[in-house]
Amino acid sequence: MHHGNQIQKLLTENQLSIRAFFKAMEGEFSSLTSVYKLLKSDTISKARLFYICHLFGKSPEYFGLSPDAFNPLAQEKPTIVPSINKRLVSYNFRKNEKKAYEEFVEQYFEQIERFALTTEHSIKIMEYIPRVELNELKKNIGNFHKRNASYFKKLETHLEKIKRNKTPFLYSRLAQLSIHIKQDRLSFSEKVDHIVRAMSLQDFIHFTNCYQKFPDFFQLYVIQNPARLYSFYLFDEKVICNEYLRFDKSGIPSCDNLWINMRSGTPEGDGDQIIDLQLDDFNALINDFYEQKEITEEHFVQGIFRVSRDLKIQLKQMSMELGKNEALKKVPDQLGEKAHKLRKEINGSLSKKIEYLQSQVKNKNQFSALIEKFQGIYQT
């Protein structure tokens, strides 16, 4: 049943304009644009349908739901609200630094997994990528990257179950480039290069797996100018986790806190307003067709080999320049430092990403064919 069409029928039957409906909902929508989108929606959240049924005096059956769909849960049944141990998961960097960060990491992933691994319809992530050119990200205290890899394995297992059940699902990620990147308009391939270079090895492996295993519902996008200088994770459009970074004296970031909000089912609820606002942001950026944003598996694979070739060329040029200056005993410190960092990146994270791609060739699928193709084109 198309929920949006049912609402349009209600408006017609009650001779109610879209603007009047917007006012009657008393803040449930952030703008008239949100109402128009609602009327085109095939499926609408249960919380919103509850409010609409109450407004028009309709039963849940009007929208194809069971008659008791809006009945309160029995007291002995757990609800989602008590499952949130903390609305804020925060790292106190001033107190017992290492132990505090390890505790923060565990609580952080407990909350992310609590919601991500129970999703039924969608995961939408808008991520701010804080990396500065040639500047290594700070090594997180504790086991953040190890814990992240564990989370991704669990998430992929969850997605595999959804795939087996043939449940409609959407897993979308929108990467926002750092504000430190030059303000000149980048080409799409340059944006892709920034992303494949900046993402962690754990992210890279996860995205590679998703392209291969879940091509029907995994989507990766990139924009140059960030809309928000933080990341958010939206689960089933019901729960949102806002992740904020902290930057040290050198401007190097690390994950610092996680705010959790959820729908309350009432238009005045903070969670409802935050989710609607950021969901509108996400959808508007994804659906803006004036510039290319989606990174397909072909763009992804091509990007990593192109980055490898280009960085090796840069390093070769730097080494030649340093050789000339060494002969004159005038080695510039800044160029030497850049060359050192570049060499470290090529032999470290970049090399590991390419090794993982190459390990996938044995799968003999469309993705592995792309690896062989672009590896041959960009070999130096």
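Trainee: What makes the contact between E298 and K373 a salt bridge?

Mentor: In this predicted model, the closest N and O atoms of E298 and K373 are 3.8 Å apart, and because a salt bridge requires a Lys or Arg side-chain nitrogen within 4 Å of an Asp or Glu carboxyl oxygen, the pair qualifies. The pair links distant parts of the chain, since E298 belongs to helix α10 (residues 297-327) and K373 to helix α12 (residues 366-377), 75 residues apart.

Trainee: Why is E298 called partly exposed?

Mentor: The relative accessibility of E298 is 34%, and partly exposed covers what lies between the buried limit of 20% and the exposed limit of 50%, so E298 counts as partly exposed. K373, at 43%, is therefore partly exposed as well.

Trainee: How do you know whether R263 and D272 are buried or exposed?

Mentor: Buried means under 20% relative accessible area; R263 has 14% and therefore counts as buried, and D272, with 2%, is buried too. Their side chains meet in a salt bridge, at 3.8 Å from N to O, and salt bridges that share partners join R48, R263, D272 and D276 into one network.

Trainee: What makes K154 and E113 a salt bridge, and where do the two residues lie?

Mentor: Their closest N and O atoms are 3.3 Å apart, which is within the 4 Å cut-off, so the pair counts as a salt bridge. K154 lies in helix α6 (residues 144-164) and E113 in helix α5 (residues 97-116), 41 residues apart. K154 is partly exposed at 36%, whereas E113 is buried at 11%.

Technical notes: Residues are numbered from 1 along each chain as its sequence is written. This is a predicted model: local features need pLDDT of at least 70, side-chain atom pairs count only at pLDDT 80 or more; totals for chains, interfaces and linings use all residues. Side-chain values use heavy atoms; hydrogens and water are left out. Helices (H or I, at least four residues) and strands (E, at least two) are DSSP runs, numbered from the N terminus. Buried means under 20% relative accessible area, exposed over 50%, partly exposed in between (1.4 Å probe, protein chains only).
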